[in-house]
Amino acid sequence: MIDKSKRTLFRRISSPFKSFIFPPYYEKKENFLKCIECKTKDCLVACDEKIIHIEEEKPIIKFGINGCTFCNECAIACKQNVLDTKHKKEKINCEMIINPSKCIAWNQTICFSCQDICEESAIIYNGLFNPVIDLKKCTGCGFCISVCPVGAIEIKPI
């Protein structure tokens, strides 16, 4: 029987990038290995929304208090050219999912917090109490996460 720490190690060895949500300005995930050489971490400082964090020497996005405005500042600041505005993606490498068991709208309380902040109109209500995220419209910006009063919007890295 393999203990939990060994399973975690095997997952990281098999895919060191799988569980991270990266800023939307990269060509290949493998290029994030260059970030180890970066001493300044300028991308972190450049993010006005303060959603970029450094984990395992890589810039990753952690949503919570804000979302990504796709402002380009992290890419402009990157001296390693890992993040670059010519690689701007239309979507962050994640999917947002509403957990019906946590969502107060799914549990018969009127709430439009996530829908009101969504600039892409990606959150649709099937009836008054059943919000869903249209993954074709969703950019993964994460602003809906920051406004959900009960933490019902979950992130799935892709």
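# Close-up views of a predicted single-chain model

**View 1. The nonpolar core.** The largest nonpolar core has 41 residues, and those with the most contacts inside it are Phe-63, Leu-83, Ile-92, Met-96, Ile-123 and Ile-153. Two or more core residues come from each of strand 2 (58–61), helix 3 (73–77), strand 3 (94–98), strand 4 (123–125) and helix 5 (143–147). A nonpolar core is a set of buried Ala, Val, Leu, Ile, Met, Phe, Trp, Tyr and Cys residues joined through side-chain atoms within 4.5 Å. Buried means under 20% relative accessible area, exposed over 50%, and partly exposed in between, with a 1.4 Å probe and protein chains only. Helices (H or I, at least four residues) and strands (E, at least two) are DSSP runs, numbered from the N terminus.

The model is predicted: local features need pLDDT of at least 70 and side-chain atom pairs count only at pLDDT 80 or more, while totals for chains, interfaces and linings use all residues. Residues are numbered from 1 along each chain as its sequence is written, and side-chain values use heavy atoms, with hydrogens and water left out.

**View 2. The whole chain, for orientation.** The chain holds five helices and six strands, in the order α-α-β-β-α-β-α-β-β-α-β from the N terminus. Of its 158 residues, 39% are buried. Among contacts (heavy atoms within 4.5 Å) with a separation of 6 or more, 65% join residues 24 or more positions apart. The accessible surface comes to about 9,300 Å², and carbon and sulfur atoms account for 55% of that surface. Accessible areas come from the Shrake-Rupley method with a 1.4 Å probe; for residues, only the protein chains shown count as cover.

**View 3. Surroundings of Ile-92 and Ile-61.** Leaving aside neighbours within four places in sequence, Ile-92 is in contact with Ile-21, Phe-22, Pro-24, Ile-61, Phe-63, Cys-68, Phe-70, Thr-139, Gly-140 and Cys-141. Ile-61 lies in strand 2 and counts as buried because its relative accessibility is 5%. Not counting residues up to four places away in sequence, Ile-61 touches Ile-21, Phe-22, Pro-23, Pro-24, Ile-51 and Ile-92. Ile-61 and Phe-20 are 41 residues apart in sequence, with 7.7 Å from C-alpha to C-alpha.

View 4. Five aromatic pairs are counted in the model. Rings of Phe, Tyr and Trp (its six-membered ring) pair if their centres lie within 6.5 Å; planes under 30 degrees apart count as stacked, over 60 as edge-to-face and the rest as tilted. The pair of Phe-22 and Tyr-26 is edge-to-face, at 5.8 Å centre to centre and 65 degrees between the planes. Phe-22 and Tyr-26 are both buried. One aromatic cluster is formed by Phe-20, Phe-22, Tyr-26 and Phe-32. Lys-89 lies over the face of Tyr-26, at 4.5 Å from the ring centre; the criterion is NZ of Lys or CZ of Arg within 6 Å of the ring centre and within 35 degrees of the ring normal.

**View 5. The tilted pair of Phe-112 and Tyr-125.** These two rings form a tilted aromatic pair, with 4.8 Å centre to centre and 50 degrees between the planes. Distant parts of the chain are linked by the pair: Phe-112 is in the loop between strand 3 and helix 4 (113–117), and Tyr-125 is in strand 4, 13 residues apart. Phe-112 counts as partly exposed because its relative accessibility is 28%, whereas Tyr-125 is buried, with a relative accessible area of 14%.

**View 6. Cysteines without a disulfide.** The whole structure contains zero disulfides, a disulfide being a pair of cysteine sulfur atoms within 2.5 Å. For Cys-35, the nearest cysteine sulfur is that of Cys-78, 6.0 Å away; Cys-35 is buried at 7% relative accessibility. For Cys-38, the nearest cysteine sulfur is that of Cys-43, 6.5 Å away. Cys-38 is buried too, with a relative accessible area of 14%.

View 7. Gly-64 lies in the loop between strand 2 and helix 3 and is partly exposed, with a relative accessible area of 34%. Gly-64 and Ile-145 are 81 residues apart in sequence and 6.2 Å apart in space, C-alpha to C-alpha. Asn-72 also has its place in the loop between strand 2 and helix 3. Although Asn-72 is not a glycine, its phi is positive, about 80 degrees. Lys-41, in the loop between helix 1 (4–14) and helix 2 (42–46), is likewise not a glycine and has a positive phi of about 50 degrees. Lys-41 is buried, with a relative accessible area of 15%, whereas Asn-72 is partly exposed at 23%.
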